[in-house]
Amino acid sequence: MADKTLTSANSTFYLTVNNLYPTPRKLEGYSADNIFSTDAVDLAETVMGADGIFHGGKVFNATPQEFQLMPDCNGCTIMANWVQAQETAREVYKASATFTIPSIGKKFTCTDGFLTRAPKFPTAGRILQAMQFTIQWGSVTVEDV
């Protein structure tokens with residue numbers, strides 16, 4: 001892809017949740033300012049020995065992904081149903097997802113995901129505010145599209 005841009009509006013996100021959504025559901029209805037975000041994760045742990053030799057090793061960490069969804073959208077309904085299903089079952093449901101960002105030519109595949117944070121209701125101001133949901137992914141891979 002020769003002409004990459006910074007457009008995020010054309011990204012797509014499909015979510016599958018075991019025991020709830022066996023076929024992928026498209027999340028839509030993102031907030032105006034934020035669609036999704038992630039934090040950096042530690043890839044290695046290091047230590048300087050008393051003798052001055054520096055050591056390091058690979059560490060495994062989950063990758064957090066936060067979604068900002070408007071309360072009146074299908075994406076928010078999908079996430080709220082996931083919350084409710086887990087509450088009713090008194091169990092957690094594992095998820096997987098794929099999302100594509102055409103502007104940079106990348107497709108991300110996420111597996112072993114758990115919904116770890118969700119609001120019970122939207123914040124109300126002049127209008128209802130975006131709701132933030134967090135999924136922790138056990139694995140995220142990227143490929144060119």
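Analyst: Asp144 is exposed, with 58% relative accessible area; exposed means over 50%, buried under 20%, and partly exposed in between, with a 1.4 Å probe and protein chains only. The model is predicted: local features need pLDDT of at least 70, side-chain atom pairs count only at pLDDT 80 or more, and totals for chains, interfaces and linings use all residues. Residues are numbered from 1 along each chain as its sequence is written, and side-chain values use heavy atoms, leaving out hydrogens and water.

Asp144 pairs with Lys106 in a salt bridge whose closest N and O atoms are 2.5 Å apart; the term denotes a side-chain nitrogen of Lys or Arg within 4 Å of a carboxyl oxygen of Asp or Glu. This pair links distant parts of the chain, Asp144 lying in strand β9 and Lys106 in strand β8, 38 residues apart. Helices (H or I, at least four residues) and strands (E, at least two) are DSSP runs, numbered from the N terminus. Lys106 is partly exposed, at 24% relative accessible area.

The structure holds 4 salt bridges. Another of them joins Glu87 and Lys120 at 3.9 Å, N to O. Here too distant parts of the chain are linked: Glu87 belongs to helix α1 (residues 74–89), whereas Lys120 sits in the loop between β8 (106–117) and β9 (131–144), 33 residues apart. Glu87 is partly exposed at 49%, and Lys120 is exposed at 64%.

Lys26 and Glu28 also form a salt bridge, with 3.6 Å between the closest N and O atoms. Both are partly exposed, Glu28 at 38% and Lys26 at 31%.
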